[in-house]
Structures are given as C-alpha cells and as structure tokens.
Amino acid sequence: MYVLAASGLRSAAVFTLDTETGAVALRTAITGMNLAATTLAIDANGNAYCTELYTDRLYSLNLTTGEATVIGSITRPAKHLSAQGISP
C-alpha cells in the first residue's frame, strides 16, 4: 500500500506501508510541485495522481522518480480535500 506524508507546506513523500507488519519505508520524495501534495490516488493501471496544497492543481505522479506533472486545475480547493479516489 502507498501512503502520502507531507512535511510542512513545501515537501511531501510517498511511502510504502506493509499492511501485515505495519512497516513503513520511503518510496520517493515528490518533486515538481511548489507546495506539498495533499492527496494521493492510484488507479487500477498503477497511474498515480495527487493535488497540491493551496494551488488547486491536479498532478500525475511518477511513483519511481517522484516527479509530479501538472494535469490541470480542480474545481474544489485542494486544502479541503482529505482523500482522493479513482473509479476503475
């Protein structure tokens, strides 16, 4: 399982969480965003997406490199989002 953790307003990282042991390991730091990521969603094909705090942008996220690429704006302020989901 992947989890997102933000540190302050400017940095975030993706971690893996072992659901059997509870062990957490850093997967990658997120780059390419001005502010911290606020949500993380991964679709059935392994494509990852995140939103950016206060800018209301949706990004695609490379889970190997951590590079975030702007897709576009969202209509709800990202600071109010606490979860994200993708319907297959």
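Leaving aside neighbours within four places in sequence, Leu-63 is in contact (heavy atoms within 4.5 Å) with Tyr-2, Val-14, Arg-27, Thr-28, Ile-42, Gly-46 and Ala-48. Of these, Ile-42 is 21 residues away along the chain, and its C-alpha atom is separated from that of Leu-63 by 9.7 Å. Leu-63 itself lies in the loop between strand 6 (57–61) and strand 7 (68–73); strands are DSSP runs of E, at least two residues, numbered from the N terminus. Leu-63 counts as buried because its relative accessible area is 11%, and buried means under 20% (1.4 Å probe, protein chains only), exposed over 50%, and partly exposed in between.

The model is predicted: local features need pLDDT of at least 70, side-chain atom pairs count only at pLDDT 80 or more, and totals for chains, interfaces and linings use all residues. Residues are numbered from 1 along each chain as its sequence is written, and side-chain values use heavy atoms, without hydrogens and water.

Three strands form an open, antiparallel sheet in the order 1-2-3, where pairing requires at least two DSSP bridges between two strands. Strand 1 (2–7) and strand 3 (24–29) are the edges, each pairing on one side only. Strand 2 (residues 11–17) is joined to strand 3 by five bridges, and the two run antiparallel. Within this pair, Val-14 stands opposite Thr-28; both are also among the contacts of Leu-63.

Asp-56 sits in the loop between strand 5 (48–52) and strand 6. Its phi is near 60 degrees, a positive value in a residue other than glycine. With a relative accessible area of 22%, Asp-56 is partly exposed.

Note on methods:
Helices (H or I, at least four residues) and strands (E, at least two) are DSSP runs, numbered from the N terminus.
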